Amino acid sequence: MFHYSKSRLVGISDGIFVVVLTIMVLDIKSPISESVGPLTELFKHLVIYFISFAIVSQYWVYHQELLSGVKQATPMLTITNIYYLCFISLTPFATSWLNDSFLSRDSAIAYSVVIILVNFTQSLMFREVANLAEKNGTEVTTHDREEIRSAQVMLGVSIIYLGFAYFLPKYLLIVIIMGLLLRTTVTQIARLINRVPRIHH
């Protein structure tokens, strides 16, 4: 009679992603003059915005893929997803702090901690979905295992972000860009390898 609704889970998730992706741009202020100083500040804010937008967009892509094969939400998946969305919602705050202090140690650490919390709950959700599939007798494919490993790698990489945030905060954005490119590149290469037919002798 009573059950957890996947459609409601997807609905609130997409809604929060839309809000988060939208409100981050509101923190970018137009320059009050055409001198070098304000334009430089605008450029810095745009760089931080694009990076945050890319991070949240990547989370949405993997989130919709994660839930695509789930037929019925479970209590654990629902609760974990709520915390996941909570941490996603902190991204505009962390982005705004970076904009205001431009990569101070405290703002860089806060930004990194938010990413770690999102990656941690995302990893839990991937594991929960895999366990749910096994209980329902659904085969966990090579692609599924690759996604689970990828979520775990993301968590490990985000801990590296925290190290840079503490010791070398000025380089944090460069490291994050490298992390985003690495995640995308490794995922695409792994998928290509899995598509190549193996010759059995």
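Mentor: Helices here are DSSP runs of H or I with at least four residues, strands are E runs of at least two, and both are numbered from the N terminus. By that count the chain runs α-α-α-α-α-α-α from the N terminus on, with seven helices and zero strands. Keep in mind that this is a predicted model, where local features need pLDDT of at least 70, side-chain atom pairs count only at pLDDT 80 or more, and totals for chains, interfaces and linings use all residues. Residues are numbered from 1 along each chain as its sequence is written, and side-chain values use heavy atoms, leaving out hydrogens and water.

Now to your patch. Tyr166, Phe167, Leu168, Tyr171, Ile174 and Met178 make it up, with about 680 Å² of accessible area together (Shrake-Rupley method, 1.4 Å probe, only the protein chains shown counting as cover for residues). Helix H6 (142–167) and helix H7 (172–195) are the elements that each give two or more residues to it. To join such a patch, a residue needs over 30% relative accessible area and no salt bridge, and nonpolar side chains (Val, Leu, Ile, Met, Phe, Trp, Tyr) are joined within 5 Å. A salt bridge means a side-chain nitrogen of Lys or Arg within 4 Å of a carboxyl oxygen of Asp or Glu.

Take Ile174, which sits in helix H7. Its relative accessible area is 49%, so Ile174 is partly exposed, the class between buried (under 20%) and exposed (over 50%), with a 1.4 Å probe and protein chains only.

Conventions. Patch = residues over 30% accessible without salt bridge, like charges linked within 9 Å, V, L, I, M, F, W, Y side chains within 5 Å.
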